[in-house]
Amino acid sequence: QTILVEPSSSYLKLRYYPKLREAGRLMIDGGFGEIARRQYLNRVVKLGRRALRSRNSVRLLQLMRSQRADIFSPQIAALLEGGAKQSLEKVLDEMPAVESIGVENFADLLAVRTRVPNYGGPEQSRLDTEILNFMPLVQPSFLHAAFGVPPKARANAGLYYSVIRKECLPLTRFPLV
């Protein structure tokens, strides 16, 4: 139940799911709502426009990297780096041209095609063993609608704020989390 994409402390939240399941509850998970907030890969958008256009996987990996403790031997680190590069190149080969959808949309689509299956998939699989749950913000219909909104309108949760203001003004009293 503890997978490498989540800290081991996340196991603590799992203890509540059987109680919810026994009570006949389901969970609606807001995971990946960041996609409609234009949150992912901002460093790539700001510093890697040329790398995106040329599909330079080495440079893109540099921009995507979060430095952590070096716990692997040099041989294993090189193997992992090579696998990441190969996976990224495969995803990039299947992407539309940056010019056809814009840099921000390209980065968001890249996040959908990499982060959701590599992070969300294992977590969703884990949750499926614990409780009936649904992730509406990664459904193709929602993503399609979100990508129809200009990136500037999605930035900083603008899309969510405008929907809340339009549909349920009293909710504006509460901060988004």
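Modeller: Let's start with the order of elements: from the N terminus on, this chain runs α-α-β-α-α-α-α-α-α-β-α-α-α. Keep in mind that the model is predicted.

Biologist: Thanks! How many helices and strands does the chain have?

Modeller: There are eleven helices and two strands. The C-alpha trace spans about 50 × 40 × 25 Å along its principal axes.

Biologist: What share of the residues is buried?

Modeller: A residue counts as buried when its relative accessible area is under 20%. Here that holds for 32% of the 177 residues. The chain exposes about 11700 Å², with 58% of this area supplied by carbon and sulfur atoms.

Biologist: And how should I read the nonpolar core? Which of its residues touch the most other members?

Modeller: A nonpolar core gathers buried residues such as Leu, Met and Phe that are joined through side-chain atoms within 4.5 Å. The largest one here has 17 residues, and L52, L60, L88, L92, M95, F106 and L110 touch the most other members. At least two residues come from each of α3 (42-47), α4 (49-54), α5 (57-64), α6 (74-93) and α8 (103-128). Of these, α8 gives the most, with five residues. A separate core of nine residues includes Y40, A111, V112 and M135.

Biologist: Could we zoom in on one member? What does L88 touch, leaving out residues up to four places away in sequence?

Modeller: With those left out, L88 touches S57, L60, L61, M64 and L110.

Biologist: Where does R55 lie, and what is its phi?

Modeller: R55 lies in the loop between α4 and α5. R55 is also a residue other than glycine with a positive phi, near 60°. R55 is partly exposed, at a relative accessible area of 25%.

Biologist: Last one: how many positive and negative side chains are there?

Modeller: The chain has 26 positive and 16 negative side chains, and the centres of the two sets lie 7 Å apart.

Key: Residues are numbered from 1 along each chain as its sequence is written. This is a predicted model: local features need pLDDT of at least 70, side-chain atom pairs count only at pLDDT 80 or more; totals for chains, interfaces and linings use all residues. Side-chain values use heavy atoms; hydrogens and water are left out. Buried means under 20% relative accessible area, exposed over 50%, partly exposed in between (1.4 Å probe, protein chains only). Helices (H or I, at least four residues) and strands (E, at least two) are DSSP runs, numbered from the N terminus. Contact means heavy atoms within 4.5 Å. Accessible areas come from the Shrake-Rupley method with a 1.4 Å probe; for residues, only the protein chains shown count as cover. Lys and Arg count as positive and Asp and Glu as negative; His and the chain ends are not counted. The place of a charge is taken as NZ of Lys, CZ of Arg, CG of Asp or CD of Glu.
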